[in-house]
Structures are given as structure tokens and as C-alpha cells.
Amino acid sequence: MLNMDTKLAKRQEEGKVIRTGIVGAGQMGRGMVTQMALMKGIMPAIVSDIKMDNVIHAFHYAGISDDQIAVAETLEEANKYMEMGKFVATDHSDIIAQANLVECAIDVTGVPEVGVKIATDALKNHKHVVMMDVETDVVIGSYLKKLGDQNGVIYTGSAGDEPGAVMELYSFAKAMGMQVKVITIDGIGGYTTYGSIATAEETYKNGYVVYGLVNKKTRMLKDVRKGQLLTLDMVELDTSTQLYQTRKMQDRMYHNGYALK
Ligand SMILES: NC(=O)c1ccc[n+]([C@@H]2O[C@H](COP(=O)([O-])OP(=O)(O)OC[C@H]3O[C@@H](n4cnc5c(N)ncnc54)[C@H](O)[C@@H]3O)[C@@H](O)[C@H]2O)c1
């Protein structure tokens, strides 16, 4: 974060404004649009939401007027409007990972099945990814980091958001010569009722069900006691999702115990 202001000002002066593509214009997405509109060197160039009203509201909330906004239905339109310097609104989130001028894709939907698609498509298209969607990051963040490395781009959380703040604290403590007990956190447990956290090692050792993998198609195979954590033998997970398939790939990369089949 140090010197970020001068680096961004330099990008602005050189005409190399970072054009971001934001998916999800809810509470956080709207906040990001507003903040970025105030900044030098970076802009919310294209914003997508399944509810177009949310995108338009986010732009208006940031003080961006209708004549600066263009609605894109196709990739070609999005590319054209971005080149014209317009703020592009769309309800086709797939465009974000493909648009020529997008340098960085940001998922702010909170929907893991959206997060996995946006992030994998963007990273494979050599675009940096900022993952605000912790619900996705907690399930497949390690895989996405590796995918970013393989494609020469960055996969990261966001400074100021809790996971980013934890990393900054970790880095500072380590630099100060402190011994840091590293915890890779997996969100585990139930669906909307009860959750817990565990290290990735504990998850693999005990076969805990990772929180984000439980959806409405998950079938219980056994009764669960109140407060009991779900383990893989208790449920039949929905294996059809991209999130499940990607977690399976992550398991193959890192597991030393229970893994998804
Ligand atoms: N609200 C906070 O204080 C806060 C803080 C830090 C991180 N976050 C994270 O930010 C993310 C979003 O949280 P929020 O509070 O803004 O949620 P929200 O429900 O207000 O916004 C989510 C937006 O995503 C849109 N969306 C859903 N599916 C979509 C799709 N397929 N394509 C495009 N858009 C889609 C929704 O229409 C909605 O506008 C979550 O991952 C959350 O954990 C939130």
C-alpha cells in the first residue's frame, strides 16, 4: 500500500489508467464504484449485475452522469464503449473476463458459483483478479492463486477488507521477527445455520465439509446432532457445480487426507 498514491498518479499521468471490471453492484460493489470514481489512475470501467438498476444506481451514486454511461449487451459493444472512455453497464457478467481493456476483474457478488467462473475465466485471459467474494476464496483460493501464477497475473484479496488486513498483519509480524503460527482457514460446517473454522490440515484430516460447497441440492445421508459439524460421509454434495470441480482440483494439489472424489 505504501506509495500507492504516487504509483496511481503516475498511471494517470501516463494515460495508463487501470480499467477494472466489477461483477456485483450491491452494497460492496457500489462502495467500490464510488471510491474508485474518486481515485486517480484507476476506474470502474465496466460494472455488471444481474439487476441492471443496481449498476446504474452505483454509477449515479458515484456522481457519474447518464451521458458518461453506456449499456453494453455484447462484448463488441463493451470494447467499443470502453475505448470511447464510457463507463460501461451490463447484465452479462461473462463480458468482464473477456473485455480487451479490462486489466483487473473484481468479483463482489458473494455467490461462489459466480466467483469461480469470473475468476478462472479472467485469470486464464491474463487479467488480474481481486476477490472480494470470501465465500469463493475460502473454498478455492489456493487453486486460484496458482492459476494466477501460471498465467503471470495476480490473484489477491483486497487491502482494507478483513482477509487483506490479516495478511498485512501477518507480513508485519513476520518482518518484526515474530514467530507466526500460520493458519490456512477453511470455512466448514452447516448451511446457513451453523459454521466454524478450521485449518486446511484439519479439514483434510477429519473430512469436514467445506461451507461453500453446500447448496440447495446437497442431500443429507445421516441425521445431524445440534451443533455437529458436517463431514463428507454425512452428505451427498452437488458435484455438478464448477465450484465443486475446482475444489476437487485444489484437493489434488494440496490434500493429505480426505479429498473430494
Ligand atoms: N457488505 C459488507 O460489509 C462486506 C464487507 C466485506 C466483504 N463483503 C463481501 O462482498 C461480497 C458482496 O457483499 P454485498 O454485501 O455487497 O452483497 P450484496 O447482496 O449487497 O451484493 C451482491 C450483488 O451481486 C449481484 N449478483 C448476484 N449474482 C450475480 C451474477 N450472477 N452476476 C452479476 N451480479 C450478481 C446482486 O444482484 C447484488 O447486487 C460478499 O462476498 C461479501 O462477503 C461484504
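User: Which residues have the most contacts inside the largest nonpolar core?

Analyst: First the idea: a nonpolar core is a set of buried Ala, Val, Leu, Ile, Met, Phe, Trp, Tyr and Cys residues joined through C-beta atoms within 7 Å. Buried means that 20 or more other C-beta atoms lie within 10 Å of a residue's own (exposed is 12 or fewer, partly exposed is in between, and C-beta atoms are placed from the backbone). Here, the largest core holds 56 residues, and Ile46, Val88, Ile96, Ala105, Ile106 and Val129 have the most contacts inside it. Domain 1 (4–164) and domain 2 (185–254) each supply at least three residues to this core. Those bounds come from an automatic or database domain assignment.

One caution: this is a predicted model, where local features need pLDDT of at least 70 and side-chain atom pairs count only at pLDDT 80 or more, while totals for chains, interfaces and linings use all residues. Numbering starts from 1 along each chain as its sequence is written.

User: What is isoleucine 96 in contact with?

Analyst: Two residues are in contact if their C-beta atoms, placed from the backbone, lie within 7 Å. Skipping neighbours within four places in sequence, isoleucine 96 is in contact with Gly21, Val23, Ile46, Ser48, Val102, Ala105, Ile118 and Ala122.

User: Why does glycine 24 count as buried?

Analyst: Because it has 28 C-beta neighbours inside 10 Å. Apart from neighbours within four places in sequence, its contacts are Gly29, Asp49, Asp107, Val108 and Thr109.

User: Which residues are closest to the ligand?

Analyst: A residue is near a molecule or strand if its C-beta atom, placed from the backbone, lies within 6 Å of it. There are 23 residues around the ligand, and Gly24, Gly26, Gln27, Met28 and Gly110 are the closest. H2 and helix H7 (134–150) are the elements giving two or more residues to this shell, and the largest share, 3 residues, comes from H2.

User: How does the shell around the ligand divide by class?

Analyst: Ala, Val, Leu, Ile, Met, Phe, Trp, Tyr, Cys and Pro count as nonpolar, Asp, Glu, Lys and Arg as charged, and the others, Gly among them, as polar. The shell has 9 nonpolar, 9 polar and 5 charged residues.

User: How many residues of domain 1 are in contact with domain 2?

Analyst: 13 residues of domain 1 are in contact with 16 residues of domain 2. On the domain 1 side, helix H6 (112–124) and H7 are the elements that give two or more residues, with H7 giving the most, 8 residues. That side splits into 6 nonpolar, 3 polar and 4 charged residues. The C-alpha centres of the two domains lie 29 Å apart.

User: What about the whole protein?

Analyst: The protein has 10 helices and 11 strands. Its radius of gyration is 20 Å, close to the 18 Å from the globule rule for 261 residues, so it is as compact as a globular protein of that length. That radius is taken over C-alpha atoms, and the rule is 2.2 Å times the number of residues to the power 0.38. Buried residues make up 34% of the 261 residues.

Key: Helices (H or I, at least four residues) and strands (E, at least two) are DSSP runs, numbered from the N terminus.
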